[in-house]
Amino acid sequence: MTAIKHALQRDIFTPNDERLLGIVNVCKAGKKKKNCFLCATVTTERPVQVKVVKVKKSDKGDFYKRQQTWELRDLTEVDAKDASKENPEFDLHFEKVYRWLASSTAEKNSFISCIWKLNQRYLRKKVEFVNVSSQLLEESVPSGESQSVAGGDEDALDDYQELSTREEQDIESMMEMCEYAISNAEAFAEQLSKELQVLDGANIQSIMASEKQVNILMQLLDEALSEEMLQSVKEQMDQISQSNRLIQISSTNNGKLLDEIQFLVNYMDLSKGHIRALQDGDLTSPKGIEACINASEALLQCMNVALRPGHEKLMAVTQQQLLFAELRDTFARRLTNHLNNVFVHQFYRSSCLSLPGHDQSSTLSQHTAELTLPKHSPLHRDLLRYAKLMEWLKNTHREKYEGLSRTYVDYMSRLYEREIKDFFEVAKIKMAGTTKEAKGKFATLPRKESALKQETESLHGSSGKLTGSTSSLNKLTVQGSNSRRSQSSSLLDMGNMSASDLDVADRTKFDKIFEQVLSELEPLCLAEQDFISKFFKLQQHPTVPETEESDGGMLSRVPPQAEHRHSLSSEKDMVRLMMNKIFQSIETELNSLIALGDKIDSFNSLYMLVKMSHHVWTAENVDPASYLSTTLGNVLVTVKRNFDKCISGQIRQMEEVKISKKSKVGILPFVTGFEEFAELAETIFRNAERRGDLDKAYVKLIRAVFMNVEKVANESQKTPRDVVMMENFHHIFSTLSRLKISCLDAERREAKHKYTDHLQSYVINSLGQPLEKLNHFFEGVEARVAQGVREEEVSYQLAFNKQELRKVIKEYPGKEVKKGLDNLYKKVDKHLCEEESLLQVVWHSMQDEFIRQYKHFEDLIGRCYPGSGITMEFTIQDMLEYFSSIAQSH
């Protein structure tokens with residue numbers, strides 16, 4: 001109570017300039033107990049205000065708050081209920097009656113005494129006290145725990161004390177004897193001072209006169225002590241004192257002995273019911289298990305009692321310890337045997353469908369349709385009833401506890417291995433397309449896809465022959481690589497995939513199967529790890545052990561912090577070790593499944609990378625150190641390696657591409673393949689966590705595409721280099737503009753630039769042929785001007801005079817120009833491919849370039865042959881008609 005009073009004074013009343021004088025812990029009478037405190041306070045500033053404050057502890061924290069306040073002057077009555085008997089109830093009458101129940105009668109009396117004192121001092125006996133002991137009001141003596149509540153603080157309120165009734169009467173009679181006591185206060189005070197001095201002098205003389213008498217008394221006492229009578233009395237008193245001391249020592253020893261016996265009886269005694277439960281308790285029924293749990297906890301508590309020095313020498317203590325050890329060993333054997341039987345029974349009950357004599361074909365058919373893993377929640381639920389007993393076994397018999405954990409791991413690893421292998425077998429059959437719906441598809445594959453069917457069937461011929469190992473799949477890959485190439489996963493052939501190739505529906509089906517596999521494994525692993533942590537008491541998070549204290553000492557010891565951290569780490573390692581043993585086949589089976597998916601179509605690695613990344617991210621958010629997170633992380637490395645291998649394979653195939661020397665090139669297959677790859681990847685990676693992996697692959701692929709387009713253009717014999725570059729970079733630019741891949745913005749701009757440059761180059765080179773002589777003539781004119789010949793003097797040059805100009809112009813009449821343009825159109829049409837539809841774009845660019853050249857020729861004629869009247873045989877309007885009619889005629 002002292003600590004509470006100090007806290008209330010500091011947190012609530014000191015900030016409000018109030019002083020706490022009285023306090024009582026109460027709750028409302030007749031209602032649900034919600035404890036609060038009634039406090040009597042006074043302000044530290046004058047005029048003094050006296051209040052009764054109700055303070056309540058906050059529900060959300062360890063602090064107090066002021067709930068209600070009453071002025072003491074509003075208090076009309078205090079009803080203590082019973083003045084003769086101890087009763088913690090009392091009533092306070094303010095604007096209404098408040099009924100309270102104090103935590104103790106002593107606190108109630110102390111608080112009422114404080115209210116009475118405050119009433120006497122500040123309210124002049126205004127409050128009425130009913131059913132209150134008169135002795136309490138007269139003496140106001142606090143007792144017990146609340147002594148400090150109403151004592152010192154009130155006395156220290158201030159130095160002022162009221163006069164008693166007798167003192168008031170004496171002062172009044174003194175003032176009546178002096179006529180000027182009121183009219184001349186200074187004279188009255190001076191007279192009182194003189195009288196006080198006279199009295200002080202008389203007092204000193206009296207003390208000095210009594211000194212002689214005191215000396216005489218001391219001498220008489222010395223003489224009496226020397227007499228025999230006083231000596232005899234002294235001896236008797238010494239004997240009585242010695243006797244009392246011996247009695248006190250004996251009483252103290254008896255009390256200590258009683259405490260020791262009481263301690264041993266309380267903490268070293270096990271009830272008969274607990275002994276019976278440990279020896280013969282039923283470990284199958286819920287009530288029997290509960291009784292065994294209570295008995296084992298009581299036994300552990302008795303065995304862990306911290307004995308005081310000397311207890312171990314007592315025979316009774318030794319016998320009890322032997323009894324406890326025997327009970328511990330007996331119950332540990334019973335519990336271990338029972339749980340072993342439970343493990344075996346549950347194992348065979350869970351795996352009964354796989355035993356000989358059962359219809360395995362129907363079971364496999366059911367799994368094929370559903371692709372699900374069996375749930376073991378009933379097994380976990382039955383075993384969790386023994387979790388507390390496993391904790392007891394862990395603390396008492398570590399060897400038996402570890403033996404049970406090994407037994408459980410052994411049985412469950414065999415069970416899970418069989419179920420997981422069957423589960424992955426079904427998944428591989430579905431992936432490989434060995435269902436009835438896919439058999440026709442395998443039969444019609446043009447690239448020996450039936451080889452994959454045969455190899456898969458040999459792999460999955462029976463559950464006994466299924467190994468699910470990565471090595472077998474690698475061998476399968478080597479054998480199949482000589483007979484076929486997975487063209488469905490090639491950038492070279494994706495642009496012209498046929499109906500017999502793997503299409504979007506096949507990949508979507510694969511994606512669903514792979515997602516179903518991961519979705520089934522994830523809850524299975526999490527449920528098993530959670531069960532292991534709970535059943536074997538291998539906590540994943542630190543806990544702070546509690547301590548109990550008693551008169552006899554400590555009942556449990558708290559290990560040091562360093563030891564506790566080491567224990568927590570070892571328990572996490574044990575959980576991880578058990579999970580690795582139970583699910584030792586998961587990682588192998590997953591790698592085998594990934595290898596099969598990659599063999600079927602290397603583009604499946606895109607789906608697997610996205611799905612595996614998402615599940616790893618989810619598992620790490622739940623528990624980064626869990627078995628599931630670690631295993632999926634390891635498998636993700638394999639998937640990422642396959643993805644990188646897929647990208648490298650596409651780049652290698654680009655580099656190995658060969659073009660026909662007899663046909664035009666057109667859009668290269670790996671350019672179309674990149675478009676298909678990008679469309680597929682953007683669909684798969686739309687909301688993926690590992691977008692960065694795809695962006696890096698994009699950059700590698702597009703740079704390889706650029707490099708190999710230039711390589712093919714340089715090697716092309718049938719199609720001009722500018723046409724190959726123009727068409728393919730136009731297609732790349734269109735693809736990147738449509739897909740809006742942000743990481744390839746620079747490559748998109750580069751593709752546009754290359755397309756524009758090679759379009760312009762092709763147009764210029766092609767247009768030099770219809771007006772070849774005219775081009776050569778004006779190139780010579782420009783050369784003379786560049787050498788310093790004045791423009792108006794060019795016509796005087798022998799090779800560039802007016803007659804030569806007219807001669808060249810006559811060679812290109814409108815009919816010949818149109819014929820040359822028509823031949824040019826046919827040649828451009830042969831160069832360009834139909835897929836890209838660039839013919840009209842190129843033809844329009846040629847028209848613009850031809851007009852530009854025509855204007856340039858006319859400008860040179862006007863500057864170098866002024867006044868000659870020489871003009872071209874055709875006009876710009878004629879050229880526009882030529883270009884339009886040629887385009888329409890084709």
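A total of 26 aromatic pairs is present in the structure, which is a predicted model. One of these pairs is formed by Tyr401 and Phe536, and it is edge-to-face because the ring centres lie 6.1 Å apart and the planes meet at 75°, over the 60 degrees required for that class. The two partners come from distant parts of the chain, being 135 residues apart. Tyr401 belongs to helix α15, whereas Phe536 is placed in the loop between α19 (504–535) and β9 (549–550). Tyr401 has a relative accessible area of 0% and is therefore buried. Phe536, likewise at 0%, is also buried.

Phe536 takes part in a further aromatic pair, with Phe535. In this case the centre-to-centre distance is 4.9 Å and the angle between the planes is 85°, an edge-to-face arrangement. Phe535 is buried as well, since its relative accessibility is 0%. Ring pairs extend to a cluster that comprises Phe343, Tyr401, Tyr408, Phe531, Phe535 and Phe536.

At the level of the whole protein, 32 helices and ten strands are found. The protein has 890 residues, and 42% of them count as buried. Among contacts with a sequence separation of 6 or more, 72% are between residues 24 or more positions apart. The accessible surface amounts to about 49,800 Å², and carbon and sulfur atoms account for 51% of this area.

The largest nonpolar core contains 175 residues, and the members that touch the most others are Phe583, Val842 and Met846. The greatest contribution to this core is made by helix α15 (residues 398–432), which supplies 14 residues. Another core, of 32 residues, lies apart from it and includes Val26, Val50, Leu92 and Leu123. Within the largest core, the surroundings of Met846 were examined with neighbours up to four places away in sequence set aside. The contacts of Met846 are then Tyr762, Val763, Ser766, Leu767, Leu824, Val828 and Phe883.

Helix α27 (residues 745–767) holds Glu747. When residues up to four places away in sequence are not counted, Glu747 touches Ile702, Arg703, Phe706 and Leu736.The loop between α26 (721–739) and α27 contains Lys740. Lys740 is exposed, as its relative accessibility is 70%.

Val214 is located in helix α7 (residues 185–225). With a relative accessibility of 45%, Val214 falls between the limits of 20% and 50% and is therefore partly exposed. Ser285, in the loop between α9 (272–280) and α10 (286–303), is partly exposed too, with a value of 25%. Ser285 and Arg385 are separated by 100 residues in sequence, while their C-alpha atoms are 9.9 Å apart in space.

Several features of the backbone were also noted. Most residues other than glycine have a negative phi, and most peptide bonds are trans. Against this background, the peptide bond that joins Arg46 and Pro47 is cis, with omega about 0°. Pro47 is situated in the loop between β2 (36–43) and β3 (50–57). A positive phi, near 60°, occurs at Asn131, a residue other than glycine. Asn131 lies in the loop between β8 (128–130) and α3 (134–139), and its relative accessible area of 35% makes it partly exposed. Lys740, again not a glycine, has a positive phi of about 55°.

Conventions. Residues are numbered from 1 along each chain as its sequence is written. This is a predicted model: local features need pLDDT of at least 70, side-chain atom pairs count only at pLDDT 80 or more; totals for chains, interfaces and linings use all residues. Side-chain values use heavy atoms; hydrogens and water are left out. A nonpolar core is a set of buried Ala, Val, Leu, Ile, Met, Phe, Trp, Tyr and Cys residues joined through side-chain atoms within 4.5 Å. Buried means under 20% relative accessible area, exposed over 50%, partly exposed in between (1.4 Å probe, protein chains only). Helices (H or I, at least four residues) and strands (E, at least two) are DSSP runs, numbered from the N terminus. Contact means heavy atoms within 4.5 Å. Rings of Phe, Tyr and Trp (its six-membered ring) pair if their centres lie within 6.5 Å; planes under 30 degrees apart count as stacked, over 60 as edge-to-face and the rest as tilted. Accessible areas come from the Shrake-Rupley method with a 1.4 Å probe; for residues, only the protein chains shown count as cover.
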